[in-house]
Structure formats: structure tokens, C-alpha cells
Amino acid sequence: MILKHLFTPLNNTRLSHLCGPTDEHLRSIELALDVHIAHRHEQFKIEGPKAKAQRAMDMLQALYEMAARPIPPATVQLMLSGDGSNEAADGPTLATRRADLKPRTKNQAVYLDNIAEFDITFGIGPAGTGKTYLAVAAAVDALQRSAVQRIVLTRPAVEAGERLGFLPGDLNQKVDPYLRPLYDALYDLMGYEQVQKAFERQALEIAPLAFMRGRTLNNAFVILDEAQNTTPEQMKMFLTRVGFGTKTVITGDVSQIDLPKAQMSGLVEAERILRRVPGIAITRLTSSDIVRHPLVARIVDAYDAARLSDLPPIAVPEPEPELPRVALPKTRSPRAKVPGSPV
């Protein structure tokens, strides 16, 4: 299908911002939607499948409306990550430092709704779907509204192919790299000074999962990140820490488990066991919810396809061969003796 559009009145500044440096924005749309875009001044032509060509045209029109200023590449990539509908952006408003924070996809909106409604929420999906970031944003929002007294962030200190003991420093310095993604999200949502003040008044705590044993967490917002690297025993221990007035969010990616091959993931087992327990919500995010570079979604899909192709085929049992019937020898029953008959 070929769609044509003429942007009028002619505005060279907007057209330049729409296309991006050396047509960078157009190339991103072409690559993500598998269409071809040609333009001459204000005349644009899009060629490709009907649905994708129409979405590309809708994106160009939306970008043209915001093209009074240069458009960052991240804005284009975020628009490509969503489904292009306004419904996908509906969701709760969170009081954080980021005024533009909102769910980018329908599943992200459902994820935030589940966090607000349920006491325990699982967010399971591939990298880049905003599992941790949105959970931290909901926690910051709850702290700002005084809905909770503190935020507790934790994750298992499991090495991804490297040995923790070889890192320099004491225990806190060894564990700090594993908690760095949580720090980054907090700094972005609260600001460095606010994070430091929250630590000082003990309204914010970040600790390895091993430090959770024996505790009861009341009036807190607790987030367990990288939960795919917990053992079933650790997951049960963590879930039983929940106290009164506490919200709990467990996030993880079951396609990136760093446990030994023979070890069952606590997240996989918990999803199977708790899926029908009232008061617990499980939100599944997919590659269509990835809000990073569009290549990330294609990388995730490629790995998932390769993993499925590497699985051994399901063996179909062959029918058992029918054994030949063997006739049993005939047996004669002894005849009864008749009185007076010769022996």
C-alpha cells in the first residue's frame, strides 16, 4: 500500500525537525515498521503493508505537530515502542520528580493499576519493559503521599558469570554494584539530595535479599528486583516478610536466570503456585512493552525464537507392537468310567 501526504503550509524548520539529522527519525520509523518513506520537500510517500503504513503516517503527523523544536531520538523510539493509541497511555498519575512519567503501553497501565489495587504484585517480563522503574515510581509516589512510612528495595546478590568475592572492598562495597539499577531509578525519580535525605531519616532502605530473613515489614513499600535469581526457599522467605499496611512488588525476567542449571527459580515456582491466590496480581509484560531502543524488542524476540527452536521435540510414544497369538495346546478331559466296561 502507498500513502501520500502533503504537510501544509510549508515550514522548513518543522520538516527538518520531523526528519531529524540526516533523516535519522525517518530511518528509525522505516526500520521499526518495515516500511519505506520517501519525501521531497513537504511531500511524503510511505510504502508498505496497510496497517504499518498507516501507523507510520500517523507517527509522522504526530511528530510534525511537536516539531516546533528539535525532536530527541528517544521520543521517536518511545512512540515506536507503544501501539500508537492514546488508550495505551491511560493509567494512574504518579507524584514523582518526573512530570512526564506515565505508562507507555496498555500492559504497563495494567501493571500500575495492579500495584495500586493489590497488596502483592508480580511484574514478569523481558528487559526494557519498565518493571523495576515503574515499581520504584509507584513506591516514591506512595512515600510522597504518606501512604507508606518507608521504601525497602532488595534484590538477590547473584553473579551473572562473575565471582562476587573477587570484587574489592567490604561486603557493602561488593553488594553495591548489584543494587546500582535501584539507585539510578531513585536518583531519576527523587533527585540526589532527596534520596540522601530519605536515607538519613531511614525512609529509604536498599539491602540484599539475604538481609531480609527474620524481619517483619509494616507500613512499607517493598520491591524485590531480579526475582528470577531467587531460590524457592528465598522467595517463600521474602513473601512471608509482608506485614500490615505493606505493598509488595516482585519483578523479574524468567529468560535471564543466573542460577545453576539444576536450581529451580523461585519466581517461576511462585508464579505457578500463587496465580490463583486472592489478593495477588501477576502482570505479564512482553516484547511489545519494551520502551528502550526498538532493536531491544527484536533482540528479545530473536532469543526467544532461538530458545524455542533449541528445545528437544516432544517425543510421541510409538504404539507397542502387537504380540502374535500363540494357541495353547488342547487338553483332553478324562472320560468317566462306565461300569462293566473293559479297562
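The model is predicted, so local features need pLDDT of at least 70 and side-chain atom pairs count only at pLDDT 80 or more, while totals for chains, interfaces and linings use all residues. Residues are numbered from 1 along each chain as its sequence is written, and side-chain values use heavy atoms, with hydrogens and water left out.

**Exercise 1.** Determine the strand order of the open sheet of 3 strands.

Solution. Strands here are DSSP E runs of at least two residues, and helices are H or I runs of at least four, numbered from the N terminus; two strands pair if DSSP finds at least two bridges between them. β1 and β3 (residues 43–47) pair in the antiparallel sense over 5 bridges, with Ile46 of β3 as the bridge partner of Leu3. The order is β1-β3-β2, with antiparallel pairing. β1 (2–6) and β2 (36–40) each have a single partner strand and stand at the edges, so one side of each is left without a neighbour in the sheet.

**Exercise 2.** Identify the residues that touch the most other members of the largest nonpolar core.

Solution. Such a core joins buried (under 20% relative accessible area, 1.4 Å probe, protein chains only) Ala, Val, Leu, Ile, Met, Phe, Trp, Tyr and Cys residues through side-chain atoms within 4.5 Å. Among its 32 residues, Leu186, Phe221 and Ile223 touch the most other members. The largest share, 9 residues, comes from α6. Apart from this core lies another of 23 residues, including Leu15 and Ile46.

Terms used: Buried < 20%, exposed > 50% of the residue type's maximum accessible area, 1.4 Å probe, protein only.
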